[in-house]
Amino acid sequence: DPQLATISLQRPGQPVAQFQAPTTPPLATSPVPPPFVVTTDPATNVSFYAGMTDDPFFFDVPAELQFRESLRSGSPNPSVFDRGIDTFAGFNVMSVALRIPLSLLGGSNDALGVSGYTEPTQFTLRSRPGGVRHVGRFVNVDRMGIPLVNSALLPYPQKDRYNAAGTEDDAGLVFANEIADTLKSLNTDPDNIAVLSNLAVSNGDFLRLDTNIPNAGPQGGITTGAGFPNGRRLADDPVDIIVNIISNDHFRGAPVDNVNQNDKQFLNSFPFLAPPHQPLFGPQ
């Protein structure tokens, strides 16, 4: 059965809207995925989707780790990317998607900053038979803005601190030294350290979107110059861009890891995510 989500939209000190919408339950007994259930609030024209989808990220994780080690040694080895295996191919994730009209976002300029947080309550109390009660304030346990900043540039001992912090801490340079030290260990030069600092540190770890830059086309848009690091469309390849910066433009803007598109084509309409992979039926 679908769960019922409550979507609350508000600007500081000004509630905007609240509505409820069902999720899309997975269907493990069919070779065909269930149709996406999209709910659009008639009062605000905000659309919501939640359910299982194909994992939309695509790159070769082991090759990227090997390339990082080659950077540390001072001898970049791009040949590790020759195999071109998408680590995320064939996997599903639980996704939440929102479509919000610009008119609801307000603000005094046309730049939007987006940072995603996972916030469970501080305590979960369980009682028999199966009762669950969530108590305490909501606390950060994970966050993400620019791809690879949290996963690749934060030293492992600092990840819990980083996940529990916020973008204000980033802009306060709380983690600037740790990120800079990681980049220096990869032999990233000062100019490219400054590029990444401006992108994800000194102004906070946000995905930023200039809404004045037009974007159109299939799979959520493919207009040249409209993608990452200006926001991040699903078909964009942010890993190539970040790895190219870290390696001092070693690839001269060319594709890096030979994994240049998702294993499933994204949709041309909201929620744009690709349907999930279904269980394999019959002989393969």
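This report describes the nonpolar cores, cavities and salt bridges of a predicted model.

Residues are numbered from 1 along each chain as its sequence is written, and side-chain values use heavy atoms, with hydrogens and water left out. Because the model is predicted, local features need pLDDT of at least 70 and side-chain atom pairs count only at pLDDT 80 or more, whereas totals for chains, interfaces and linings use all residues.

**Nonpolar cores**

The largest nonpolar core has 35 residues, of which Ile146, Val149, Ile242 and Ile246 touch the most other members. Such a core is a set of buried Ala, Val, Leu, Ile, Met, Phe, Trp, Tyr and Cys residues joined through side-chain atoms within 4.5 Å; buried means under 20% relative accessible area, exposed over 50% and partly exposed in between, with a 1.4 Å probe and protein chains only. At least two residues of this core come from each of α1 (61-73), α2 (149-153), α5 (176-185), α6 (190-200) and α7 (238-246). The largest share, 5 residues, is that of α7. Helices (H or I, at least four residues) and strands (E, at least two) are DSSP runs, numbered from the N terminus.

Beyond its neighbours within four places in sequence, Ile146 is in contact with Leu199, Ala200, Asp205, Phe206, Leu207, Phe228 and Ile242, contact being heavy atoms within 4.5 Å. Another core, of 10 residues, lies apart from the largest one and includes Ile7, Ala21, Val46 and Leu104.

**Cavities**

The structure holds 2 cavities of 30 Å³ or more. A cavity is a set of points, on a 1 Å grid over the protein atoms alone, where a 1.4 Å probe fits but cannot get out, and its lining residues have an atom within 4 Å of a point. The volume is the space filled by probe spheres set on the points, which are joined across faces, edges and corners.

The largest cavity contains about 40 Å³ of space. Its lining consists of Glu64, Phe67, Arg68, Leu71, Val243 and Ile246. Both α1 and α7 give two or more residues to this lining, and α1 gives the most, with 4 residues. By class, 4 of the lining residues are nonpolar, none is polar and 2 are charged. Here Ala, Val, Leu, Ile, Met, Phe, Trp, Tyr, Cys and Pro count as nonpolar, Asp, Glu, Lys and Arg as charged, and the others, Gly among them, as polar.

The second largest cavity holds about 30 Å³. Thr24, Pro25, Pro26, Pro34, Phe36, Tyr49, Met52 and Pro276 line this cavity, giving 7 nonpolar, 1 polar and no charged residues.

**Salt bridges**

The structure holds 6 salt bridges, each a side-chain nitrogen of Lys or Arg within 4 Å of a carboxyl oxygen of Asp or Glu. Three of them are set out below.

| Pair | Closest N to O |
|---|---|
| Asp60 and Arg83 | 2.8 Å |
| Arg143 and Asp170 | 2.8 Å |

Asp60 lies in the loop between β4 (47-54) and α1, and Arg83 in the loop between α1 and β5 (92-99), so their pairing ties together parts 23 residues apart in sequence. Asp60 is buried at 0% relative accessible area, whereas Arg83 is partly exposed at 45%.

Glu64 and Arg68 are 4 residues apart in helix α1, a separation of about one helical turn. Glu64 is buried at 5% relative accessibility, and Arg68 is buried at 13%. Both residues also belong to the lining of the largest cavity.

Arg143 in strand β10 (residues 142-144) and Asp170 in helix α4 (residues 167-171) form a link between distant parts of the chain, 27 residues apart. Arg143 is buried at 2% relative accessibility, as is Asp170 at 3%.

Notes
On a 1 Å grid over the protein atoms alone, a cavity is a set of points where a 1.4 Å probe fits but cannot get out, and a pocket is an open set with protein on both sides within 12 Å along at least five of seven lines; lining residues have an atom within 4 Å of a point.
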